Amino acid sequence: MTVQHRLDLHDSASAAVIVGTDGSTASARAVAWAARTAAERGRRLIIIHGYDLAATRAVSGSYDVLVSSVIESIQHRGQQALASAERNAREAHPGLDVDTRLSDRNPAELLIDLSSKAHLVVLGATPGVRSFAHLGSTLLAVVSQGAGRIVVVRHDGTEQVFRSGPVVVGVDASPVGESAIEAAFHEACERDAELVAVHAWSDLSEGRFAGTSYLDIPIAELETAEHALVSERLAGWQEKFPTVAVTRRVYLSGPRKQLTEWSKTAQLIIVGSRGRGGFRGLLLGSTSNYLVQHAHCPVMVVHPD
């Protein structure tokens, strides 16, 4: 494979690390992760809070006399959330270039728009939350519709968000996954970390494939073919990033299970934004969807250019 050299807006010198905050504990962890990443890479940190004026007016209805006081209260809470996030970021990284932005726009729409030129967009997920129904509409919208690299900072609630483990990337045979592989090599290089490339031949968890028992499939031949596929997908990137140590792990099945297990020791899990079909109408591939809900470490969802 030949790696195409191209200008990437997400890696340009002006591209900032952007993080959303709502004043919650989960968003505070996201700000801490984003601030550390920005400081280590010499990038500006932009902290965003959107309070969605249109939604506020819709809830207030025709009681215009109440709207002004309601909006002032919402703006004040937003300013407090931003001030707290900025203070924590500066205390942890005194030399960090930090900017805060309070907006009356819908926070998801705002972050999605900004993601097209951001180095990373970062959001927090509450530990213990295991379904998109409770993760929040902003997180779901940004992860599924944003551009570039979206990071969901989540962990199991007992461990530190920052770890010294490997960067782990899910590798499949789709063109959609190429951007994830590229991002994974960049992240491993930036972090001076080992890169673990995880590939599973089948999305199924166990038992049978297309009505055939796995026991009836020539596993040895299959393993050889899948190792060759992974080597081909990584070859050009290994040439471009020769200092990154790469470990390949090929499994018969269960990519979600395998990546979730790796997330217990990884510092970052990286996956593509959509499944093998690559249809734009789909929000997320099943593996990405699952990891955003269940991983034990931050998850980067990479959208193809």
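These legends describe close-up views of helix packing and salt bridges in a predicted model. Local features need pLDDT of at least 70 and side-chain atom pairs pLDDT 80 or more, while totals for chains, interfaces and linings use all residues. Residues are numbered from 1 along each chain as its sequence is written, and side-chain values use heavy atoms, without hydrogens and water.

**View 1. Helix 4 against helix 6.** Helix 4 (residues 107-115) and helix 6 (residues 137-145) have axes that come within 9 Å and cross at roughly 25°. The two helices are therefore roughly parallel (angle under 35 degrees). Helix 4 passes helix 6 in a right-handed crossing. P107, A108, L111 and I112 of helix 4 meet T138, A141, V142 and Q145 of helix 6 (contact: heavy atoms within 4.5 Å). These contact residues comprise 6 nonpolar, 2 polar and no charged.

**View 2. The D11–R149 salt bridge.** The closest N and O atoms of D11 and R149 are 2.9 Å apart (salt bridge: a side-chain nitrogen of Lys or Arg within 4 Å of a carboxyl oxygen of Asp or Glu). D11 lies in the segment before strand 1 (17-20) and R149 in strand 5 (residues 149-153), 138 residues apart. R149 is buried at 6% relative accessibility, whereas D11 is partly exposed at 25% (buried: under 20% relative accessible area; exposed: over 50%; partly exposed: in between; 1.4 Å probe, protein chains only).

View 3. R90 pairs with E86, with closest N and O atoms 3.0 Å apart. Both lie in helix 3 (residues 64-92), 4 residues apart, about one turn of the helix. R90 is partly exposed at 33%; E86 is partly exposed at 22%.

Key: Axes are lines fitted to C-alpha atoms, for helices over the stretch in contact, and angles run from 0 to 180 degrees between N-to-C directions. Angles under 35 degrees count as roughly parallel, over 145 as roughly antiparallel, 65 to 115 as roughly perpendicular and the rest as oblique. A crossing is left-handed if the near helix is turned anticlockwise from the far one by less than a right angle, and right-handed if clockwise. Ala, Val, Leu, Ile, Met, Phe, Trp, Tyr, Cys and Pro count as nonpolar, Asp, Glu, Lys and Arg as charged, and the others, Gly among them, as polar.
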